[in-house]
Amino acid sequence: MAIDSHMHVNSLVVDDKEKVIERINLNDEIEKVLNVGLDRETSLESVGIALSNHKFYSAIGVHPLYVKNLYVKNQNFEWMENLASSEKVVAIGEIGLDYYNKDYDKQRMIFIRQIMLANELQLPVIIHANNTNYDIVEIFERYVKPKYGCVFHCFQPDVEILKYLIDNGYYISFAGRITYKNACKSLEIAKLVPNDLFLVETDSPYITPEPFRGEINKVEYLRYIIKKIAEIKEMTYKEVEDYSTRNAKRLFKKMN
């Protein structure tokens with residue numbers, strides 16, 4: 001069975017939340033899913049879902065596009081420390097940089113503080129990087145690096161950044177984009193990434209793979225991402241499934 005290492009089920013993004021949860025619980029192809037928070041409210045919701053459903057685990061954090069609601073000087077993330085004590089919270093994320101909102105300084109400060117907190121809590125981090133791979137690596141090198149593991153989710157392909165991640169033992173995660181016809185760079189990355197450093201994810205309900213592109217993404221579609229990676233790496237479906245599952249459990253240690 002496979003692990004969907006990054007997906008979103010919460011009232012902010014999914015209307016029929018209970019139906020989605022039930023469908024995942026009944027899916028024999030899925031061993032576990034990591035339900036990722038975007039802010040305080042969705043992180044709280046994620047933990048609640050995880051505690052009530054055996055297949056669900058939680059990541060908690062503030063997505064860069066949601067830092068606009070935070071006051072940097074007074075933000076102590078005590079709520080995150082409290083949530084992280086749950087046995088089902090396996091990572092801090094998703095956190096990172098995304099300059100769509102142009103609040104660069106606030107994003108960087110919140111990002112750095114969340115990495116520091118993850119290190120204090122001895123948890124890995126899940127990185128959101130929207131055209132900001134190099135800025136994130138700069139923060140790692142100048143300010144603080146994740147001490148307990150890191151994954152660049154839905155990795156935007158860059159061979160130079162990939163080398164940095166490999167050298168540091170960090171992971172990359174493949175999502176639906178790898179199935180698209182114009183995904184040449186992602187295919188190159190899939191060939192280069194070591195078998196012990198990749199994860200698979202849906203990012204559901206976003207980034208729907210072919211042949212369902214344009215529809216709402218479902219965790220069930222993880223099989224299309226695994227199938228594509230198997231094709232690129234000249235491996236069997238089962239080999240990709242096994243590698244990605246072992247890798248997820250190695251990174252997210254509380255999943256074991």
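## The model

This is a predicted model, in which local features need pLDDT of at least 70 and side-chain atom pairs count only at pLDDT 80 or more, while totals for chains, interfaces and linings use all residues. Residues are numbered from 1 along each chain as its sequence is written, and side-chain values use heavy atoms, with hydrogens and water left out.

## Overall build

The protein has nine helices and eight strands. Helices (H or I, at least four residues) and strands (E, at least two) are DSSP runs, numbered from the N terminus. The radius of gyration is 17 Å, close to the 18 Å that the globule rule gives for 256 residues, so the protein is as compact as a globular protein of that length. That radius is taken over C-alpha atoms, and the globule rule is 2.2 Å times the number of residues to the power 0.38. Along the principal axes, the C-alpha atoms fill a box of roughly 50 × 40 × 35 Å.

Of the 256 residues, 59% count as buried. Buried means under 20% relative accessible area, exposed means over 50%, and partly exposed lies in between (1.4 Å probe, protein chains only). Contact means heavy atoms within 4.5 Å. Take the contacts with a separation of 6 or more: residues 24 or more positions apart account for 72% of them.

## Surface and charge

The protein exposes about 11700 Å², and carbon and sulfur atoms supply 49% of that area. Accessible areas come from the Shrake-Rupley method with a 1.4 Å probe; for residues, only the protein chains shown count as cover.

There are 33 positive and 37 negative charges, and their mean positions are 1 Å apart. Lys and Arg count as positive, Asp and Glu as negative; His and the chain ends are not counted. The place of a charge is NZ of Lys, CZ of Arg, CG of Asp or CD of Glu.

Start with helix H5, residues 133–142. Its buried residues are Asn-133, Ile-136, Val-137, Ile-139 and Phe-140. Seen down the axis of H5, they fall within an arc of 155°, so they line one face of the helix. The arc is that of the directions from the helix axis to the C-beta atoms. An α-helix has 3.6 residues a turn, so residues three or four places apart point the same way. The cover over the buried residues of H5 includes strand E4 (89–98), helix H4 (104–121), strand E5 (125–130), strand E6 (150–152) and helix H6 (159–167).

Now turn to H6. Here Ile-161, Leu-162, Tyr-164 and Leu-165 are buried. Down the axis of H6, these buried residues fall within an arc of 160°, so they line one face of the helix. On the other side of H6, Glu-160, Lys-163 and Asp-167 are exposed. The buried residues of H6 pack against H5, E6, strand E7 (171–174) and helix H7 (184–192).

Tyr-57 is in strand E3, residues 56–60. Its relative accessibility is 10%, so Tyr-57 counts as buried. Val-36 is 21 residues from Tyr-57 along the chain, and their C-alpha atoms are separated by 8.5 Å.Gln-107 lies in helix H4. Beyond residues up to four places away in sequence, Gln-107 touches Pro-64, Val-67, Gly-96, Leu-97, Asp-98 and Tyr-99.

Asn-82 lies in helix H3, residues 78–84. This residue is exposed, with a relative accessible area of 51%. Asn-82 and Val-20 are 62 residues apart along the chain, and their C-alpha atoms are separated by 27 Å.

## Backbone exceptions

Most residues other than glycine have a negative phi, and most peptide bonds are trans. The peptide bond from Gly-93 to Glu-94 is cis, with omega near 5°. Glu-94 lies in strand E4. The bond from Glu-210 to Pro-211 is also cis, with omega near 10°. Pro-211 lies in the loop between strand E8 (198–200) and helix H8 (222–233).

Asp-203 is not a glycine, yet its phi is positive, about 55°. Asp-203 lies in the loop between E8 and H8, and at 6% relative accessibility it counts as buried. Glu-234 has a positive phi of about 55° although it is not a glycine. Glu-234 is found in the loop between H8 and helix H9 (237–251), and at 75% relative accessibility it counts as exposed.
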